[in-house]
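Here is a short briefing on one protein chain. Look over the sequence and the model, then read on by topic.

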Amino acid sequence: MVFDFRLQVFNTVARRLNFTKAAAELYITQPAVTKHIHELENQLNTKLFERNGSRVKLTQAGEILLHHSEQIFEIYRNIEFEINNLAQRQGGKLRLGASTTAAQYILPPILAAFHRKFHKIQVTLTIKNTEEIEQALQNKEIDLGVIEGFSKNAAIKYIEFLKDEIVLVAASKNPTAMTGTVSPEKLKTIPLLMREPGSGTLEVIAHALKTIGVSIAELNIEMQLGSSESMKLYMLHSDSMALLSVHAVLKELQSKECRIVDVEGLNIERYFYFTILHGQHEALPDLFMKFARFVAK
């Protein structure tokens, strides 16, 4: 068990390449992180990290251990999931609610796999924007939400689910797309498609744009549309561009119908979150969250 915790400490440092952030994630002190790493290095009789001031880099041995630690933790997750399932109620009704991006591009394969394994559980899915999903959760119209955005409602518990990136995309024939990169000033002049007010995606974009000194009001918004799919189809048949989840355009990027255009200094990463009410402890939402994480890995 001591080796397992040291391995968890190593895995966290190796993923973040930062002892301070690893300590915060593990809820232990930075000296404790350093101690565990030193003890693991002594146990294995090899260095796992190269340190140059505040910079941390994996050694070759560290790379090998990271690869195998990921496999070990996946086995642990599988064991925990399968054993927990033995005690779970295998029937009933689960009412899911999801924001449009998650509902269209993330959940369908997960729901199909969930139905194959738990066919006695009846699942319904409500699709609305993030704001409406949170309201439905508070009204107890759904048991579990899947959303994106920066909204933080005190009545709701947010649990990280899946990492995502929002990218600027254009049809491959778009002349501006040929450049591959645009400046923040140039971005203000491009005809853009955006999601509607209340959308989690719009909130995330607005927050990220501030880091490059651009506000939503300064953008040349050609149209606001209610779903990523409608934005994508509009973009493919016009000279406008769209800020979309990379999950929404994977097929079009692979078929080269559209391409990503980088915006200098802009990086829009976010998470999709599970949302439940604080104090809520129900078997089916917990089962679905564990299963979805397992399938999405």
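Lys140 sits in the loop between helix H6 (130-138) and strand E5 (144-148). Helices (H or I, at least four residues) and strands (E, at least two) are DSSP runs, numbered from the N terminus. The model is predicted: local features need pLDDT of at least 70, side-chain atom pairs count only at pLDDT 80 or more, and totals for chains, interfaces and linings use all residues. Residues are numbered from 1 along each chain as its sequence is written, and side-chain values use heavy atoms, with hydrogens and water left out.

**Positive phi values**

- Most residues other than glycine have a negative phi.
- Lys140 is not a glycine, yet its phi is positive, near 60°.
- Lys140 is exposed, at 59% relative accessibility. Exposed means over 50% relative accessible area, buried under 20%, and partly exposed in between (1.4 Å probe, protein chains only).
- Asn45, also not a glycine, has a positive phi of about 55°.
- The loop between helix H3 (30-44) and strand E1 (49-52) holds Asn45.
- Asn45 is exposed too, with a relative accessible area of 69%.

**The chain as a whole**

- The chain has 11 helices and 13 strands.
- Its C-alpha trace spans about 60 × 55 × 40 Å along the principal axes.
- Of its 297 residues, 47% count as buried.
- Among contacts with a separation of 6 or more, 74% join residues 24 or more positions apart. Contact means heavy atoms within 4.5 Å.

**A buried loop residue**

- Thr59 lies in the loop between strand E2 (55-58) and H4.
- Is Thr59 buried or exposed? Thr59 is buried, with a relative accessible area of 11%.
- Leaving aside neighbours within four places in sequence, Thr59 contacts Lys47, Leu48, Phe49 and Glu50.
- Thr46 is 13 residues from Thr59 along the chain, and their C-alpha atoms are 9.3 Å apart.

**Helix pairs**

- Two packed helices are described by the angle between their axes and the distance between the axes. Axes are lines fitted to C-alpha atoms, for helices over the stretch in contact, and angles run from 0 to 180 degrees between N-to-C directions.
- The axes of H2 and H3 come within 8 Å and cross at roughly 105°. H2 is therefore roughly perpendicular to H3. Angles of 65 to 115 degrees count as roughly perpendicular, under 35 as roughly parallel, over 145 as roughly antiparallel and the rest as oblique.
- From H2, Phe19, Thr20 and Ala23 meet Gln30, Val33, Thr34 and Ile37 of H3.
- That contact of H2 with H3 has 4 nonpolar, 3 polar and no charged residues. Nonpolar covers Ala, Val, Leu, Ile, Met, Phe, Trp, Tyr, Cys and Pro; charged covers Asp, Glu, Lys and Arg; the others, Gly among them, are polar.
- Helix H5 (residues 100-117) and helix H9 (residues 228-236) pack at about 80°, with axes 8 Å apart. So H5 is roughly perpendicular to H9.
- Thr101, Gln104 and Tyr105 of H5 make the contact with Ser228, Glu229 and Lys232 of H9.
- By class, the contact of H5 with H9 has 1 nonpolar, 3 polar and 2 charged residues.
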